[in-house]
Amino acid sequence: MRAVVQRVSSASVVVDGVTVGAIDEPGLLVLVGVTHTDTPAQAARLAAKLWGLRILSGEKSCSDIDAPLLVVSQFTLYGDARKGRRPTWQAAAPGPVAEPLVETVCAELRGLGARVETGVFGADMKVGLTNDGPITLILEV
């Protein structure tokens, strides 16, 4: 699994003109990509890493200050543009594989006590954010 994690002041996801997920306070926006060989155990490890990642103000984690997370599925994290000008998506897991694993990340986070907002899997989403820092990390588990 691969995640792009951004420390944000606020973030939101809009689908068809309707806000489906938003955080209006400091927290993390997490874009999650899944490949063919990923497992629920990796999803649980990613959730634990996100919950304890000390990148918020004062080197705090979401678990330290009960900060929210907005988790958005992002198959394009496994795009490959090394050849030509058009990326391939062969490394990205198909929806029936990826969706349950993204949901597992969210469920594991909630099980740890996190406040989690989400996008809509497979939808055309408009993601807005105010990156705080800016701080952006790439995690792989």
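This is a predicted model: local features need pLDDT of at least 70, side-chain atom pairs count only at pLDDT 80 or more; totals for chains, interfaces and linings use all residues.
Let me begin with the helices. Helix 1, which covers residues 40-52, packs on helix 3, residues 95-111, with the two axes 8 Å apart and an angle of about 45° between them. That angle is why helix 1 counts as oblique to helix 3, and the crossing of the two is right-handed. If you want to find the contact on the screen, look on helix 1 for Pro 40, Ala 43, Ala 44, Leu 46, Ala 47, Leu 50 and Trp 51, and on helix 3 for Leu 101, Thr 104, Val 105, Glu 108 and Leu 109. Sorted by class, the residues of this contact come out as ten nonpolar, one polar and one charged.

Now to the pockets. The largest pocket holds about 320 Å³ of space, and 22 residues line it, with Ser 73, Gln 74, Phe 75, Ala 123 and Met 125 lying nearest its centre. Which element gives the most to this lining? It is strand 3, with four residues, while strand 4, helix 3 and strand 6 are also among the elements that each supply at least two. In terms of class, the lining of the largest pocket is made up of 15 nonpolar, six polar and one charged residues.

The second largest pocket has about 160 Å³ of space, and its lining includes Val 71, Val 72 and Ser 73, then Glu 99, Val 102, Glu 103, Cys 106 and Arg 110, and also Thr 118, Gly 119, Val 120 and Phe 121. Strand 4 and helix 3 are the elements that give two or more residues to this lining, and the largest share, five residues, comes from helix 3. Here the classes are six nonpolar, three polar and three charged. Ser 73, then, is on the lining of the second largest pocket and also lies among the residues nearest the centre of the largest one.

Finally, the backbone. Against that, the bond that joins Gly 133 and Pro 134 is a cis peptide bond, with omega about -5°, and Pro 134 is found in strand 6. The other spot is Asp 16, where phi is near 50°, a positive value in a residue other than glycine. Asp 16 sits in the loop between strand 1, residues 2-15, and strand 2, residues 18-23.

Key
Residues are numbered from 1 along each chain as its sequence is written. Side-chain values use heavy atoms; hydrogens and water are left out. Axes are lines fitted to C-alpha atoms, for helices over the stretch in contact, and angles run from 0 to 180 degrees between N-to-C directions. Angles under 35 degrees count as roughly parallel, over 145 as roughly antiparallel, 65 to 115 as roughly perpendicular and the rest as oblique. A crossing is left-handed if the near helix is turned anticlockwise from the far one by less than a right angle, and right-handed if clockwise. Contact means heavy atoms within 4.5 Å. Ala, Val, Leu, Ile, Met, Phe, Trp, Tyr, Cys and Pro count as nonpolar, Asp, Glu, Lys and Arg as charged, and the others, Gly among them, as polar. On a 1 Å grid over the protein atoms alone, a cavity is a set of points where a 1.4 Å probe fits but cannot get out, and a pocket is an open set with protein on both sides within 12 Å along at least five of seven lines; lining residues have an atom within 4 Å of a point. Grid points are joined across faces, edges and corners, and a volume is the space filled by probe spheres set on the points.
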